[in-house]
Amino acid sequence: MSTVGIIAEYNPFHTGHAYQIAKAKEITGADHVLVIMSGDFVQRGAPAVMDKYLRTRLALEGGADCVLELPVWMATASAADFAEGAVSIFHALGCVDYLCFGSESGELPLLERAAELFLEEPPSFRQELKRQLSQGKSFPKARKAAWETASGENGDFLDLPNNILGISYLTALKKQNSSIRPVTVPRKGSFHSTDLDQEFASASALRAELLKNAAISFPKETLSFFPGNPAKTLLMQEFGRSYPMDTEHFWMILKEKLLSEADHAELFADFPKELANRLKSCHFTCTGYQELAESLKTAAFTRSRIDRGMIHILLNIRQEDINRLKKAGPASCVRVLGFRKSHAGLLKKMTLNSRIPVLTKALPPRTLSEEAALSLEMDTRAANLYETVKCLLYPENRPVHEYRQKIIVI
């Protein structure tokens with residue numbers, strides 16, 4: 001009985017994701033699809049458009065057999081740390097045979113060459129990377145130029161986000177000397193396109209439509225991009241009742257945090273001193289999140305880097321805690337968000353083979369290591385903040401503490 005793993009955000013889950021799951025099973029012949037998914041906050045430094053329990057249910061309806069939660073300190077990290085964290089969990093579970101990821105290129109050998117070079121960092125690559133960074137270029141642009149110098153190959157594939165994540169997954173597999181075999185599915189459609197006139201809409205386009213219609217009604221023109229009638233019914237029922245959610249909904253909480261934390265923002269993850277100094281000088285006069293984030297942008301600091309830093313301030317994720325967790329090893333525990341009853345054997349296999357605790361609730365058992373307890377505490381704090389803001393925005397709901405949330409079983 002083999003298992004294929006998928007690392008995802010499903011923000012929101014759509015037909016492109018269902019296609020990837022089906023192709024992953026087809027390519028690998030796997031019996032189970034195990035997903036590790038970001039919780040209520042995602043890698044681009046933002047709250048998910050809908051909570052992790054709704055997204056878990058949609059993923060299970062769409063073909064996943066079990067959904068695990070990627071700890072929030074990994075889920076909101078850079079692409080490299082996001083990938084390394086997720087891969088380390090799959091590696092520690094001892095039951096994942098394949099890792100399937102989407103990529104714009106669909107060329108596994110090209111992505112593996114890039115992963116090898118980025119991991120080894122030969123002198124020609126290191127020197128060019130350093131030179132490009134010294135000129136004030138952002139890390140992605142500097143790394144692309146260094147790849148072209150060191151490899152002699154065109155680096156345009158490094159401009160595409162799923163290729164970048166795929167390379168990060170491959171690098172993580174190599175670093176951990178994992179026996180998990182990678183496979184890639186060519187991505188269909190544009191990652192950031194806002195066009196709904198194509199076979200597969202991007203998550204960005206769907207989020208934009210959901211948010212644009214938040215005060216009106218569910219945008220029915222998006223329905224064809226969501227798989228299955230149960231999922232479509234659920235999405236329409238919950239629209240305007242528990243979602244959509246956006247960064248601006250957290251602005252007043254973040255603003256209050258900045259009043260007390262802006263003077264030492266460099267203590268938070270992904271917030272270097274230079275960026276912290278810019279924050280000190282401009283945060284007070286800004287009246288919204290987008291205004292503040294745009295005012296912090298420079299050639300050296302991309303918007304995604306700024307968003308990740310700001311979300312770490314919001315969630316109180318400090319660099320010293322990240323350093324402590326990394327020192328202990330990327331994976332310390334993992335939590336199950338949901339599973340299909342017909343694949344309960346996967347959950348049993350995972351529990352028996354895993355080198356880390358596999359938890360079915362947020363309340364930490366006394367046997368957890370200090371680092372695992374810290375990771376779970378971060379997840380709980382993030383989930384409770386999301387739940388609080390969601391219920392303030394949609395008062396039809398009563399807040400449910402993370403300790404009382406039930407695992408999704410279908």
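Colleague: Where does Ser-224 lie?

Modeller: Ser-224 is in the loop between helix H9 (203-212) and helix H10 (229-238). Helices (H or I, at least four residues) and strands (E, at least two) are DSSP runs, numbered from the N terminus. This is a predicted model, where local features need pLDDT of at least 70 and side-chain atom pairs count only at pLDDT 80 or more, while totals for chains, interfaces and linings use all residues. Residues are numbered from 1 along each chain as its sequence is written, and side-chain values use heavy atoms, with hydrogens and water left out.

Colleague: Is Ser-224 buried or exposed?

Modeller: Ser-224 is exposed, because its relative accessible area is 53% (buried is under 20%, exposed over 50%, partly exposed in between, with a 1.4 Å probe and protein chains only).

Colleague: What is Ser-224 in contact with, leaving aside its neighbours within four places in sequence?

Modeller: Thr-15 and Lys-232. Contact means heavy atoms within 4.5 Å.

Colleague: Switching topic: what does E5 pair with, and in which sense?

Modeller: E5 pairs with E8 in the antiparallel sense, over four bridges; two strands pair if DSSP finds at least two bridges between them. Glu-69 stands opposite Arg-335 in E8.

Colleague: And how many residues of strand E8 are buried?

Modeller: Six of the six in E8 (residues 334-339) are buried, so the strand is largely enclosed by the rest of the structure.

Colleague: Which strand does E8 pair with in the parallel sense?

Modeller: One such partner is strand E9 (residues 358-359), with two bridges, and Val-334 stands opposite Val-358 there. Strand E10 (residues 408-409) also runs parallel to E8, joined by two bridges. In E10, Val-409 is the bridge partner of Phe-339.

Colleague: What do E8, helix H16 and E9 make?

Modeller: A right-handed β-α-β unit, with H16 covering residues 344-353. Right-handed means that, with the strands pointing away from the viewer, the path from the first strand over the helix to the second runs clockwise.

Colleague: What volume does the largest cavity have?

Modeller: About 70 Å³. Its lining includes Phe-41, Tyr-289 and Met-310, and helix H14 (residues 303-315) gives the most, with three residues. By class, the lining has eight nonpolar, one polar and no charged residues. Ala, Val, Leu, Ile, Met, Phe, Trp, Tyr, Cys and Pro count as nonpolar, Asp, Glu, Lys and Arg as charged, and the others, Gly among them, as polar.

Colleague: What about the second largest cavity, which residues line it?

Modeller: Among them are Phe-41, Glu-69 and Asp-379. The volume of that second largest cavity is about 50 Å³, and H17 supplies the largest share of the lining, three residues. Its classes are five nonpolar, one polar and four charged.

Colleague: And how much space lies in the second largest pocket?

Modeller: About 360 Å³. Of the 18 residues that line the second largest pocket, the closest to its centre are Asp-51, Tyr-53, Leu-54, Lys-390 and Gln-405. Helix H2 (52-61) gives the most to that lining, with three residues.

Terms used: 1 Å grid on protein atoms, 1.4 Å probe; cavity = no way out; pocket = protein on both sides within 12 Å on 5 of 7 lines; lining within 4 Å. Points joined across faces, edges and corners; volume = space filled by probe spheres on them.
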